[in-house]
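Subject: Structure handover

Hi,

Please find the structure below. My notes follow it.

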Amino acid sequence: MTISGKPRVRFAPSPTGYLHVGGARTALFNWLYARREGGVFILRVEDTDAERNRPELVEGILASLKWLGLDWDEGPFFQSQRMEMYRAAAQRLLESGHGYYCYCAASSYAGADAAQHEDADAATDHAASGEVKQKRRAACPCRNLTAEERAEKEQQELPKAIRFAAPHTGTTKFEDAVFGSREVENAEIEDFVLLRSNGAPTYQLGVVVDDIDMRITHVMRGADHLSNTPKQALLYRALGAEPPIFAHVPLILGPDRTRLSKRHGATSVESYEVEGFLPEAFRNFLVLLGWSPGDDTEMFDTAALIEKFSLSGVSRTNAVFDRAKLEWFNAQYLQKLPIDALLPYIEKELRRSGLWKEAWASTQKEWFAHTVDLLRPRTRFLKDFSTWGRAFFAEDFEYEAAAKDKFWKDPRLGELLGKLADGYAGLAEWNHDNCEKVLRDLAAAEGLKAGLLINATRVAIVGVAVAPALFETMLALGKDRVVSRLRRALPELPKA
RNA sequence: GGCGCCAUGGUGCAACGGUUAGCACAUCGCCCUUUCAAGGCGGUAAUGCGGGUUCGAUUCCCGCUGGCGCUACCA
């Protein structure tokens, strides 16, 4: 194998949809491995099926990879632009006797049903007559065409595909860094198509030709490819190359343990970005699906991840995508990320919702950072800053119905908050202790519990029942806004 | 149907022949908090079943069951 040199790995998505979380996890593992080993991470777009391809989706996939911080060293390469290479390879296989022309209509032989029934019939027949069970897969009759028969087919100008002439005996071996050394009976391998009748390569051909050409040393991909790997190992050798090391990673399943799909909710990386997840959090969550550092650590920054990642930590068990834990990670990152790293995300969110003010990036930068810091312990999504935290960044906000019901019940509140507003209006120095004193003095003078005023005031100045500590909030809002908001709330408050 | 892979609480992972089976999420309770989170403390909760091997199995082997994957001129 590759005796020396750095490992070369690749991520090869197919542009039939957005970047799927499973694909993102595979890309992440490849990227981590390359970074860990000082190798090369290559991006290749597998778009050989014109029918399903949506070229316009490529940009979205690349954007999602970038969002996750996964940068590639080579590519993106497009298989659709390398068609000649696959045809030449198929031709070589044909000439070396590893391939043959198949004239069957695409729908006749190929149907899984046909092969299945043939097998099933053979099995029962043999069982009935007590013979050894026939293992060999149904083969295409075109493999054994006589020269005359072939000439006749050519004469009819039937569309023809090129199939692989799989060996009938022996076994095929390959190495998998996750599943171990694998060996299968060649009799189980069918004569799969290499080149379609339209001249385009199938996945099996394209992937092998490209991985050889790009000198890929480790093929890391979903375990759904495990069963087809023997075919590829055979192809490598037929093409005169040694198979690379494979590393199949377990699949990500939905809560019902079936393959993750739209039925389970969001499956595209992009939707999580839109929902307000931090890429750091999403990535941290993802890496723990099917991989473990070997101990109980689970919060990793990029450097730690790169340092700790290894194929030996990859599990063989499929993992269920647990949205609740993803959210927990997001809340953790929202709280623990260095404030300077967080600010750009908040800015983006506020711009998105139309609340952004340029001053927050210049003259009021300090205020902005402080306010974000004040809000973040209670946030779970980036969106929370523009929705739940709206009153900190905008003058127009609504009073949450539940908050009013809970804290604006006392009939004395209208008069009390009016007095409070006056008290604050007359405050010479606006600081935490003074704000607190004004409120507590009023409560004492009226013989009330301070809590009544605290909770009612909170709703009046930020519109919600859940918010940062009241006097911190007042400081962040400033005297003018607190006074005006208190007065603005008076008409809404119950009167004696 | 055939072939293959997998199997620790509800979920994600630890324990790679000897632990009172550990951590995290979720969940329940308490503390903190005149809101709510965060945080702290504690509780409930797992080795799928049956055979072996061994002084001793979560761990090794076999069978079963279950789940998943492949079996396309999709990738």
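Arg257 sits in the loop that joins β11 (252-253) to α8 (269-275). Helices are DSSP runs of H or I with at least four residues, strands are runs of E with at least two, and both are numbered from the N terminus. The phi of Arg257 is positive, about 70°, although the residue is not a glycine. Arg257 counts as exposed because its relative accessibility is 54%. The cut-offs: buried is under 20% relative accessible area, exposed is over 50%, and partly exposed is in between (1.4 Å probe, protein chains only).

Before the rest, the ground rules. This is a predicted model, where local features need pLDDT of at least 70 and side-chain atom pairs count only at pLDDT 80 or more, while totals for chains, interfaces and linings use all residues. Residues are numbered from 1 along each chain as its sequence is written, chains are lettered from A and ligands numbered from 1 in the order in which they are written, and side-chain values use heavy atoms, with hydrogens and water left out.

Other backbone points:

- Arg215 also has a positive phi without being a glycine, near 55°. Arg215 lies in the loop between α6 and β9 (218-222). Its relative accessibility is 54%, so Arg215 counts as exposed.
- The peptide bond from Gly75 to Pro76 is cis, with omega near 5°. Pro76 belongs to strand β3 (residues 74-78).
- For context, most residues other than glycine have a negative phi, and most peptide bonds are trans.

Ala166 is in the loop between β5 and β6 (171-176). Ala166 counts as buried because its relative accessibility is 0%.

Overall form of chain A. There are 21 helices and twelve strands. The radius of gyration is 32 Å, whereas a compact globule of 496 residues would have one near 23 Å. That radius is taken over C-alpha atoms, and the globule rule is 2.2 Å times the number of residues to the power 0.38. Along the principal axes, the C-alpha atoms fill a box of roughly 110 × 50 × 45 Å. Buried residues are 48% of the 496. Among contacts (heavy atoms within 4.5 Å) with a separation of 6 or more, 76% join residues 24 or more positions apart.

Last, the RNA. Which residues come nearest to RNA strand B? Of the 68 around it, they are Arg196, Gly290, Glu298, Arg440 and Ala450. Near means that a heavy atom of the residue lies within 4 Å. Sugar and phosphate make up 72% of the RNA strand B atoms that come within 4 Å of the protein. The residues of this surface divide into 26 nonpolar, 19 polar and 23 charged. Here Ala, Val, Leu, Ile, Met, Phe, Trp, Tyr, Cys and Pro are nonpolar, Asp, Glu, Lys and Arg are charged, and the others, Gly among them, are polar. Elements that each supply at least two residues include α4 (112-128), α11 (323-336) and α19 (450-462).

Three atom pairs to look at:

- Gln204: a polar side-chain atom lies 3.5 Å from a base nitrogen of RNA strand B.
- Gly294: a backbone N or O atom lies 3.3 Å from a sugar or linking oxygen of RNA strand B.
- Gln335: a polar side-chain atom lies 3.5 Å from a sugar or linking oxygen of RNA strand B.

Best wishes

Note on methods. Polar contact = N/O pair within 3.5 Å; in protein donor to acceptor, adjacent residues only side chain to side chain.
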